[in-house]
Amino acid sequence: MKFGVLRFPGSCDEVDALAAARRVGDAQLIWHADRDLGGADAIVVPGGFSYGDYLRAGAIARFSPAMESVAAFAADGGLVLGICNGFQVLCEAHLLPGALLPNANLRFTFRQVDLEVVHADTAFTCACRSDTPGPASSRLSIPAKHSWGRYYADEETLDAIERTGQVVLRYAPGHNFNGSLRNIAGVRSEAGNVFGLMPHPEHAVDELVGGSGDGLKVFQSMRLAVEGAVV
Amino acid sequence: MLIRPKAGILDPQGEAVQRALPALGFEGVSDVRIGRLVELEVHDPDRLDAMCEKLLANPLVEDYEVQLLDGGGG
C-alpha cells in the first residue's frame, strides 16, 4: 500500500500527512509540477495555503499538473483524501460537491473538535466499524485549524448528498465553530472514492502529541479499502 | 469584473462592516455585501465570461458581472 502526498508551494501539513500515512503503509511526496503519481494506490491532498490562497483557497492549485493527474486517478476510482486546504482544492476541482467559505466568526480558529461518524461504510471511515481491527468509534476527536472552513452547498445539493450517504462526518453538537451548513465536516463523492474534511486526521495519530490517535482511523480505513478487506 | 457572494449566502465580512458603520455615526445602512474587483486588460473580451466561470469566480457561491471600459491606449 503506497500513499502519494501532494506538495504545493504553500503546503504546510504534507510532512505530517506523510508521517501519518507511513504508520499504515509506504508514502512519498509528489511535487505539484509532476504529473507522475509514482504508482501510488491512494492520494492525499494536504493542508496548508497552496499558492498563497490567492483568489480563493484552492482555486489555483486545482489547475496544477499534479492535480490534473489526480482528477484522472479519481475518475478511474482511485482513493483521494483531501484535508483542509486539500478539501478546498477538491471542491474547486469539482471532485467533491459544495464549497468552503470564510468561517462565520471571521477568525482563524484552532481547536480540537469532536466529529460524529455518520457513515462507517466508506473507504475513509471503515476502520471505525466493530468488524475491523481496533476499537469501533462513532466519534472522532481531531484538531481543526482554518479560517475558510464553512461548508456550503445549495439546499438541493445538501438534500441530495444526505440522501446518497455522501455526508460522512458531522461536527458534534457544540463543535461546529465555523458555521458549516448542517454541521457537515466531511463529504465524499457520489462514487465514494474521493473524500474531503476540514479537520486534520494527520495531526491526531499519536495520543502524546495529537490529543488523540483517532485520525489514524482515516489512514487505516484507506489501507483496508485498497487491500479490498472491506467496503 | 465585479464578483460578489450570491444572494442568500451569509457574508460575515459584510455583516461585520454593517455593524461597524453605526458606531462611526453612519446610520441607516440596511445591508452590506463585500465582493472583489478584478481589473484585466484583454484583447478578446469575448473570453471574459469563460475566465470568470473557470477561475475568477466560483459560480457555486459567487455571482459576477463584467463591465467593459475603454482602455487607456492599450
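Of the 231 residues of chain A, what percentage count as buried? The share is 59%, where buried means under 20% relative accessible area, exposed means over 50% and partly exposed lies in between (1.4 Å probe, protein chains only).

This is a predicted model, in which local features need pLDDT of at least 70 and side-chain atom pairs count only at pLDDT 80 or more, while totals for chains, interfaces and linings use all residues. Residues are numbered from 1 along each chain as its sequence is written, chains are lettered from A and ligands numbered from 1 in the order in which they are written, and side-chain values use heavy atoms, with hydrogens and water left out.

Six helices and eleven strands make up the secondary structure of chain A; helices (H or I, at least four residues) and strands (E, at least two) are DSSP runs, numbered from the N terminus. The radius of gyration of chain A is 16 Å, close to the 17 Å that the globule rule gives for 231 residues, so chain A is as compact as a globular protein of that length. That radius is taken over C-alpha atoms, and the rule is 2.2 Å times the number of residues to the power 0.38.

Chain B has two helices and three strands, in the sequence order β-α-β-α-β. Its radius of gyration is 16 Å, well over the 11 Å that the globule rule gives for 74 residues, so chain B is more spread out than a compact globule. Of the 74 residues of chain B, 22% count as buried.

| Chain | C-alpha span | Accessible surface | Carbon and sulfur share |
|---|---|---|---|
| Chain A | about 45 × 40 × 35 Å | about 8800 Å² | 50% |
| Chain B | about 45 × 30 × 15 Å | about 5300 Å² | 52% |

Contact means heavy atoms within 4.5 Å. Among contacts between residues at least 6 apart in sequence, 74% in chain A join residues at least 24 apart; for chain B the corresponding value is 60%.

**Helices**

Helix α6 (residues 216-226) of chain A is mostly covered, with eight of its eleven residues buried. Among them are A:Leu216, A:Val218, A:Phe219 and A:Met222, as well as A:Lys217. The buried residues of α6(A) pack against β1 (2-7), α1 (14-22), β3, β4 (79-83) and β7 (139-146) of chain A. A:Gly228, which follows α6(A), has a positive phi near 75°.

In helix α2 (residues 48-56) of chain B, B:Leu48, B:Cys52 and B:Leu56 are buried. Why do they lie on the same side of α2(B)? They cover an arc of only 50° around the axis, the arc being that of the directions from the helix axis to the C-beta atoms. Their packing partners are β1 (2-5), β2 (36-37) and β3 (62-65) of chain B.

B:Ala23, in helix α1 (residues 12-23) of chain B, counts as exposed at 70% relative accessibility.

**Loop residues with positive phi**

Most residues other than glycine have a negative phi. A:Asp53, although not a glycine, has a positive phi of about 60°. A:Asp53 is placed in the loop between β3 (42-45) and α2 (65-75) of chain A and counts as partly exposed at 23% relative accessibility. A:Leu55, also not a glycine, has a positive phi of about 75°. The loop between β3 and α2 of chain A holds A:Leu55, which is partly exposed at 28% relative accessibility.

Technical notes
Accessible areas come from the Shrake-Rupley method with a 1.4 Å probe; for residues, only the protein chains shown count as cover.
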